[in-house]
Amino acid sequence: VPMLFSPVISRLRAAVRGPLMVGWLAVCLLLLAASYGVIGWVVWPLRLEERIFPVHYTIYFGVDRVGPWWQVFMPAYLATGIFLLNVGLVTAFAKQEPLVARICAALTVAILVVLLTASALVALLNIA
């Protein structure tokens, strides 16, 4: 199994060689951990209760979507998917088009900040 992933790991190492890209990867992982942490801090202790959690809020209708506890983590799941997709893009473009790789990296950070904000707002929505 390690032989299967060795070309991917070597390309990722080559893409994230500089200090700027290592910092990008660290910032992204920190934002992902914060996104899961802010929701988990509020929801994880309440998950064993038989209750429905508010998942979405609008200014016009109030709480308009509810669901089980795991649906509260949707912004964090989305952030993880976008991060993994963009790591692939950064790895693919790092050698031939370094500017495109850096733009993908910067957009990843911006999207993760927005999704961290969404996670924090969902967590605030669930504080009883």
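Colleague: Which residues line the largest pocket?

Modeller: Val55, His56, Tyr57, Arg65, Pro75, Ala118, Leu121, Val122, Leu124 and Leu125 line the largest pocket. The model is predicted, with local features needing pLDDT of at least 70 and side-chain atom pairs pLDDT 80 or more, while totals for chains, interfaces and linings use all residues. Residues are numbered from 1 along each chain as its sequence is written, and side-chain values use heavy atoms, without hydrogens and water.

Colleague: What makes a residue part of the lining of a pocket?

Modeller: A lining residue has an atom within 4 Å of a point of the pocket, which is an open set on a 1 Å grid over the protein atoms alone, for a 1.4 Å probe, with protein on both sides within 12 Å along at least five of seven lines. Helix 4 gives the most to this lining, with 5 residues.

Colleague: Why are helix 3 and helix 4 called roughly antiparallel?

Modeller: Their axes, lines fitted to C-alpha atoms over the stretch in contact, cross at roughly 175 degrees and come within 9 Å. Angles over 145 degrees count as roughly antiparallel, and therefore helix 3 and helix 4 are roughly antiparallel. Their contact (heavy atoms within 4.5 Å) has 19 nonpolar, 3 polar and no charged residues.

Colleague: Why is the pair of tryptophan 24 and phenylalanine 83 called tilted?

Modeller: Rings pair if their centres lie within 6.5 Å; planes under 30 degrees apart count as stacked, over 60 as edge-to-face and the rest as tilted. Here the centres are 6.3 Å apart and the planes at 40 degrees, so the pair is tilted. Tryptophan 24 in helix 2 and phenylalanine 83 in helix 3 are 59 residues apart.

Key:
Helix = DSSP H or I, 4+ residues; strand = E, 2+ residues; numbered from the N terminus. Axes fitted to C-alpha atoms, helices over the stretch in contact; angles between N-to-C directions. Parallel < 35°, antiparallel > 145°, perpendicular 65-115°, else oblique. Nonpolar A, V, L, I, M, F, W, Y, C, P; charged D, E, K, R; others polar. Phe/Tyr/Trp six-rings, centres within 6.5 Å; stacked < 30°, edge-to-face > 60°.
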